[in-house]
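This briefing covers domains, nonpolar cores, the ligand site and selected helices. The terms are defined where they come up.

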Amino acid sequence: MPVVNRVPCTGSATQIGIVHLGLGAFNRAHQAVYLQRHLNRHGTSDWGLCSANLRSNHTLVEQLREQDGRYHVAEYRDREQLTLREIGVLREALYAGEGGHELEQLLERMAAPQTRIVTLTVTEKGYCLSPSSGQLRRDDPTIAHDIAHPQTPRSAPGIVLEALRRRRAAGTPAFTVLCCDNMPDNGQRTRQAVSALAALQDPGLAQWVEQQVAFPSCMVDRIVPAMDEESFRRLEQLDCHDRAAVVSESFSQWVVEDHFPLGRPDWEMEGVQMVDDVRPFETMKLRMLNGSHSLLAYVGLLAGHELVFEAVNDGRLARLIERYMAEEAVPTLHMPAGIDLMKYAVDLQARFANDSLQHRLRQIAMDGSQKLPQRWLLGAQQLLDQGRGIDCTALGIAAWIHYCTQPLPGRPAHGVDDPLNATFADLAGRFDGASRVDAFLDLDEIFPPALSARPAFRDAVHRAYSALARDGVDDLLQTVATPN
Ligand code: CS2
């Protein structure tokens with residue numbers, strides 16, 4: 001039995017000050033934990049939380065209501081030690097998904113003067129932006145809907161905008177919008193989504209958004225796998241019978257650009273790094289952690305692994321990400337003094353090796369079209385500019401194309417979870433071998449033309465793809481994972 005440090009909720013939030021969109025596992029184990037610690041320290045707080053689910057999970061909202069918003073976060077240091085934290089800062093849970101009857105309640109909550117911050121974890125695709133250019137996708141069906149029906153929005157940018165419209169009409173100052181998703185310049189991207197939609201709806205509102213709304217960026221980090229029966233079973237053994245519980249690692253980091261015109265909790269007391277410029281931290285995390293994760297996912301699945309810790313226990317994959325970080329991520333980063341990237345890389349390997357987490361490679365592999373640009377492609381452009389090689393990145397892209405077009409054991413072909421799945425299936429049906437690689441690299445929604453036009457880039461991916469097809473993943477890993 002592991003040693004459990006139980007931390008109860010010892011405070012009570014007097015009002016709701018933050019509304020969160022995207023009540024997934026990540027938000028419950030990251031931002032909510034910082035707010036809970038803030039509440040426990042002060043005993044009382046006006047930064048209570050309302051969280052809304054914008055997608056299909058109605059059951060979770062009902063579960064949380066039955067529990068009066070209370071749930072647990074199990075923070076595993078390893079198999080032997082964990083902290084079991086009770087969260088009581090969540091005062092309201094809403095379901096505002098399609099057909100959700102609580103959308104109006106959510107919009108009213110966001111428009112209320114007490115709400116001073118709106119945070120978001122709606123995943124990369126939830127912003128309806130083109131992954132490579134960051135421009136709003138007018139052809140996205142939810143955006144098309146929100147242009148026609150601004151008052152009953154379906155997209156996250158549409159919901160934020162409608163709430164801001166109501167505040168402006170009522171003379172209430174704008175809340176601060178804090179994006180907590182893994183995107184580069186995530187504040188700027190969110191501003192882009194909301195402003196571009198506003199420009200299509202009402203130019204006066206667009207101007208107000210431009211002038212009045214703060215969109216600070218932040219870097220969020222904590223490994224929080226989707227819950228499965230095995231994780232619930234382990235919690236029950238600890239006498240924690242909670243179907244809304246979440247499991248995470250014990251590590252947590254949050255670096256936030258300090259720009260909150262209506263105020264904020266004193267997060268720095270809980271270890272949040274409040275800074276002027278988040279970009280170096282964001283780029284570091286996206287390329288080192290998330291870039292390695294995606295490499296482990298696509299190459300690891302081909303090599304027959306299922307979980308992250310199993311993949312890094314395979315010495316070839318551990319060496320692959322070690323080489324990727326040292327040779328293809330670190331040279332693209334410019335960090336403030338005092339940040340030791342080699343130590344960061346070593347710490348990441350240890351975090352990935354945490355075998356108390358059931359972190360599925362398939363969870364990481366989903367939505368590749370939305371993730372590749374910031375994890376690999378922006379860095380690859382820099383590497384080529386510096387005259388460096390991109391072997392590991394090219395192997396990752398080749399493995400991704402393979403993953404998107406060919407069956408893995410237990411998964412039928414083309415069953416990948418990605419907004420571009422239909423396009424992938426179409427390309428897989430029409431092209432094979434080298435022409436398939438070309439067809440994928442020509443998808444300019446993912447690959448910026450400035451990169452895909454470079455022969456050195458295309459050649460590296462072609463080489464990796466044909467070696468994968470010819471020799472198989474084991475042989476290729478043998479070569480690529482050998483240090484230079
Ligand atoms: C992962 C992230 O699913 C993924 O793509 O890379 O969710 C990762 O676990 C988090 O960003 C860690 O902070």
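A polar contact is a pair of N or O atoms within 3.5 Å; within protein, one must be able to donate a hydrogen and the other to accept it, and residues adjacent in sequence count only if both atoms are side-chain atoms. This is a predicted model, in which local features need pLDDT of at least 70 and side-chain atom pairs count only at pLDDT 80 or more, while totals for chains, interfaces and linings use all residues. Residues are numbered from 1 along each chain as its sequence is written, and side-chain values use heavy atoms, with hydrogens and water left out.

**Ser231 and helix H9**

- The side chains of Ser231 and Asp228 make a polar contact at 2.5 Å.
- Ser231 is part of helix H9, residues 229-237; helices here are DSSP runs (H or I, at least four residues), numbered from the N terminus.
- Ser231 counts as buried because its relative accessibility is 8%, where buried means under 20% relative accessible area, exposed over 50% and partly exposed in between (1.4 Å probe, protein chains only).
- Leaving aside residues up to four places away in sequence, Ser231 touches Val247 and Gln358; contact means heavy atoms within 4.5 Å.

**Domains**

- The protein chain is assigned domain 1 (3-275) and domain 2 (279-480), with bounds that come from an automatic or database domain assignment.
- Taken over C-alpha atoms, the centres of domain 1 and domain 2 are separated by 28 Å.
- Across the boundary, 38 residues of domain 1 are in contact with 34 residues of domain 2.

**Nonpolar cores**

- A nonpolar core is a set of buried Ala, Val, Leu, Ile, Met, Phe, Trp, Tyr and Cys residues joined through side-chain atoms within 4.5 Å.
- The largest nonpolar core has 87 residues, and Met288, Ile397, Trp400 and Phe457 have the most contacts inside it.
- Each of domain 1 (3-275) and domain 2 (279-480) supplies at least three residues to this core.
- A second, separate core has 41 residues, among them Leu54, Phe175, Cys179 and Met183.
- Not counting residues up to four places away in sequence, the residues that Met288 touches include Met325, Leu333, Leu341 and Tyr344.

**Tyr344 and helix H13**

- Tyr344 belongs to helix H13, residues 341-352.
- With a relative accessible area of 11%, Tyr344 is buried.
- Beyond residues up to four places away in sequence, Tyr344 touches Asp221, Met284, Lys285, Met288 and Leu289.
- Tyr344 and Thr121 are 223 residues apart along the chain, and their C-alpha atoms are separated by 25 Å.

**Ligand site**

- The residues around the ligand (one heavy atom within 4 Å) are Asn182, Asp221, Arg222, Lys285, Leu289, Asn290, His293, His359, Ile364, Lys371 and Arg375.
- A side-chain N or O atom of Asp221 is 2.6 Å from an oxygen atom of the ligand.
- For Lys285, a side-chain N or O atom is likewise 2.6 Å from an oxygen atom of the ligand.
- Asn290 places a polar side-chain atom 3.0 Å from an oxygen atom of the ligand.
- The protein buries 88% of the 340 Å² that the ligand exposes when taken alone; accessible areas come from the Shrake-Rupley method with a 1.4 Å probe, and for residues only the protein chains shown count as cover.
- Helix H10 (279-302) and helix H15 (368-385) are the elements that give two or more residues to the shell, and H10 gives the most, with four residues.

**Helix H18**

- In helix H18 (residues 433-441), the residues Arg436, Val437, Ala439, Phe440 and Leu441 are buried.
- These buried residues of H18 pack against helix H16 (391-405), helix H17 (421-430), helix H19 (449-452) and helix H20 (455-480).
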